[in-house]
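Colleague: Show me the model, please. I will ask what stands behind each label.

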Amino acid sequence: MEVIGDYANFVSTSNDAGAVGAATMGDAIYAFPVTSDNGYFMYYDKSVVTDPTSLEKIVADCEAAGKGFYMEINSGWYQTAFFFATGCQLTYDADSNGKFMKANVTYASDNGVKALKKMIELSKSPSFFNGSAISNATNPGAIIDGTWDSGAAKEVFGDNYACAKLPTFTVDGETFQFSGFGGFKLLGLKPQTDTNKAVVCLELAKYLSSAEVQLARYNEVGWGPSNMEAQADSAVQSDEALSALAEQLAFTIPQGQYPNDYWTLATALGDDVIADKYDNASDEELMSVLEEFQATCESYAQ
Amino acid sequence: MGKESKLSANIQNMFSNIGKNVKEIGVTFTEGDWKTKVSFLIMGFGQLMHKQFLRGIVFLAVEILFLYYMISFGAKYLAGIPTLGTTATYVDKSGVVPVTVYGDNSFLILLYGILTIFVIIAFVYLWRVNVRQNRQIQTYLAQGRKLPTSKEDLYSLINENFDKTLLALPNLGVFVFIILPIIFMICVAFTNFDADHQPPAALFSWTGFANFKNLFSIGSAGFGSTFFTVLGWTLVWAFFATFLNYFLGMGVAIMINKKGIKFKKLWRTILVMTIAIPQFVSLLYVYKMFANDGLVNGYLLKWGLIDNFIPFWSNATYARILIIIINVWIGIPYMMLMATGILMNIPEDLYESARIDGANGFQMFMKITLPYMLFITGPYLLTSFTGNLNNFNVIFLLTQGNPKSMDLVGGAGYTDLLITWLYKLTINDTNYRMAAVIGIMVFVVTAVISLVVYRILPSVKDEEGFQ
């Protein structure tokens with residue numbers, strides 16, 4: 001249900017800009033932001049990884065220690081860390097009814113090829129494992145994961161627990177900072193046919209996304225708030241995982257609306273990379289793969 | 001008689017039946033008295049006038065209920081069937097808060113429209129029964145016979161019409177839970193019911209054969225190449241899953257049955273253990289074992305047998321081979337148990353005489369054991385093959401159909417069977433139209449294979465072969 005009037009003002013004034021953007025479709029606000037922590041960064045083992053700022057060094061350290069570097073590159077969500085880093089674009093313009101009008105994709109470019117080449121190179125490492133859930137990782141040295149796994153990460157790494165923003169990576173002599181999606185949890189409302197019911201629902205949603213409740217949620221389950229008042233709280237400010245995420249957020253783009261099919265397509269691309277399909281591919285061949293990817297992405301918005 | 005002439009004979013039969021019925025209805029009307037004639041309009045009238053109160057009231061009630069159903073409910077859905085709805089849902093933003101005003105719901109129109117068509121068919125049938133009864137009343141009266149009373153009618157329900165009493169409930173269940181949903185799903189294959197056309201927010205409409213064209217169109221967006229890839233793997237999988245299990249299971253049973261083998265019960269128990277553990281547990285565990293960072297790769301690396309992990313699940317070919325092998329592991333025990341019983345049943349004198357004639361073990365297997373087994377387990381092989389075509393569990397618990405690829409559309413992966421792909425299309429992509437088409441294809445494939453194989457089974461062709 002569309003959020004208008006005072007409720008829309010509440011959403012846009014009390015939350016950070018990224019969260020508001022994520023709740024907006026076309027020029028209409030459709031949800032109440034609840035968290036700003038749905039992004040990813042790196043958890044690592046201090047005794048294995050000596051320099052968490054460079055992907056090449058991290059992977060080399062993991063290889064030397066016989067540990068794994070985990071990143072879910074067959075997910076449309078983690079994959080963008082590569083492509084956005086080299087300067088590619090992938091967003092959709094939607095109208096206020098949620099219909100995708102236009103796709104802005106620049107994957108089929110030299111920058112896209114560089115990102116894909118790095119993905120392929122990473123997938124070839126014996127230390128590379130596709131995954132992003134630390135509880136399913138058997139032998140992690142470092143993992144790209146989010147705040148929801150901070151408890152599990154502390155358990156796995158013990159005293160060697162550490163987190164950092166995502167590293168940089170080097171392709172063809174050029175160095176890029178990993179980017180990715182800054183994600184947000186949103187609270188949406190089912191459309192109502194009755195005005196009174198709609199008002200009750202809106203009030204409830206407003207309360208559930210207020211500073212007070214967001215702080216309570218942070219204290220209980222560790223969800224990072226999207227409400228700026230709650231973000232200013234000292235406990236939130238000093239949280240280790242949240243600060244790593246906050247540092248990473250500077251390099252990400254806020255996650256907007258994407259068609260369902262995009263996620264499936266991205267998994268297909270990632271699976272092809274992991275299955276070593278492009279291991280010996282030339283730049284031209286990679287370019288044609290990305291051209292197909294881009295054309296398919298564009299076909300979702302018509 | 002050839003098949004085609006049989007078919008045309010059937011059609012002829014049907015038409016002549018309809019013709020006969022129409023003629024009889026006409027004769028009933030022209031030869032009928034005024035009570036019969038009124039019964040054409042007011043069902044049960046003739047019966048009531050002749051003091052058959054139970055029949056009369058039931059027919060009258062049926063007619064009233066039917067009219068009530070049509071006027072209050074059925075007619076509007078029936079009228080919507082050609083378009084599947086024209087008024088779209090919209091949001092009214094004129095008030096303090098936006099409220100949604102729902103329009104037509106294509107889903108309900110299609111479902112209740114089909115239901116209404118069946119209600120009409122049932123009503124026509126009952127009307128025909130009503131006419132026939134009136135005709136019967138007149139013949140009985142003309143012949144001077146006594147009409148059955150209400151009491152006799154009730155009594156017949158537990159006597160000569162007891163079959164109808166017993167089958168009424170099951171038939172209703174079959175109709176509501178099987179026939180209606182199947183017809184509904186077949187209809188969905190001819191609409192554009194997918195993620196962009198989700199009732200009640202949006203309407204969907206008829207699109208004719210567009211989905212079938214899409215399924216067979218080879219091109220970047222068409223489902224063609226993906227469909228044939230998935231179909232091919234489905235057939236290969238069903239073949240290996242059935243026959244590898246069959247022969248290996250039989251082999252294991254023969255080995256355990258051999259004279260001189262010790263601890264027979266122990267071996268059987270060990271194998272049966274795999275049946276005792278639910279597949280949900282064992283298959284998910286095996287999936288983890290063969291993961292890139294799983295136990296198997298871990299030990300192989302530790303022992304220095306490999307330098308780099310083997311991508312068991314991310315490489316399509318490895319994944320397919322591994323699935324078949326794991327299926328052998330969980331499939332052998334069933335076949336072994338079955339074969340053990342049958343093998344013990346083969347008359348020992350067949351083997352004795354073969355031995356006297358100088359046959360060796362292989363010859364005895366090919367000439368006695370195998371034909372006997374095939375004869376008895378032929379129907380099992382057929383059901384097992386069709387079962388494997390739709391073996392959702394093993395595939396979905398092991399790989400979820402992955403790995404995916406840019407070469408495949410519709411979210412399909414290289415180890416997807418038609419049935420798991422169908423599941424993904426409905427659950428992940430809500431692409432109901434293509435899922436319905438694939439459902440129809442699954443039926444076609446299964447039906448063709450079952451019917452063809454059924455006809456060549458030795459147990460069907462030569463029923464008395466081993467008696």
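Colleague: Where is P403(B) found?

Modeller: P403(B) is in the loop between helix 16 (392-398) and helix 17 (418-427) of chain B. Helices here are DSSP runs of H or I with at least four residues, strands are runs of E with at least two, and both are numbered from the N terminus. The model is predicted: local features need pLDDT of at least 70 and side-chain atom pairs 80 or more, while totals for chains, interfaces and linings use all residues. Residues count from 1 along each chain as written, chains are lettered from A and ligands numbered from 1 in written order, and side-chain values use heavy atoms, without hydrogens or water.

Colleague: What kind of peptide bond joins N402(B) and P403(B)?

Modeller: A cis one, with omega about 0°. P199(B) and P200(B) are also joined by a cis bond, at about 5°. P200(B) sits in the loop between helix 7 (162-188) and helix 8 (210-216) of chain B.

Colleague: What makes strand 5 and strand 9 of chain A a pair?

Modeller: Pairing takes at least two bridges found by DSSP. Strand 5 (residues 68-70) and strand 9 (residues 140-146) of chain A have three, so they pair, and they run parallel. One partner of G68(A) in strand 9 is P140(A).

Colleague: What sheet do they belong to?

Modeller: An open, mixed sheet of five strands in chain A, in the order 8-5-9-4-10. Helix 3 (residues 55-65) of chain A lies across strand 4 (40-45), strand 5 and strand 9, at about 140° to strand 5. That angle, on a scale from 0 to 180 degrees, is between N-to-C directions of lines fitted to C-alpha atoms, for helices over the stretch in contact.

Colleague: Which strands of chain A form a hairpin?

Modeller: Strand 6 and strand 7 of chain A, with five residues between them; G98(A) in the turn has a positive phi of about 90°. Five bridges join these antiparallel strands, and D93(A) stands opposite K102(A).

Colleague: Why is D407(B) with K277(A) called a salt bridge?

Modeller: The rule wants a side-chain nitrogen of Lys or Arg within 4 Å of a carboxyl oxygen of Asp or Glu. This pair meets at 2.5 Å, N to O, so it qualifies. Chains A and B share two salt bridges. Helix 12 (260-274) of chain A is one of the elements giving two or more residues to the side touching chain B. Helix 12 gives the most, nine residues.

Colleague: How much area is buried between the chains?

Modeller: About 2,400 Å², with carbon and sulfur atoms giving 57%. That is accessible area (1.4 Å probe) lost on being put together, summed over both parts. In contact (heavy atoms within 4.5 Å) are 37 residues of chain A and 24 of chain B.

Definitions and conventions. Buried area is the accessible area (1.4 Å probe) that two parts lose on being put together, summed over both.
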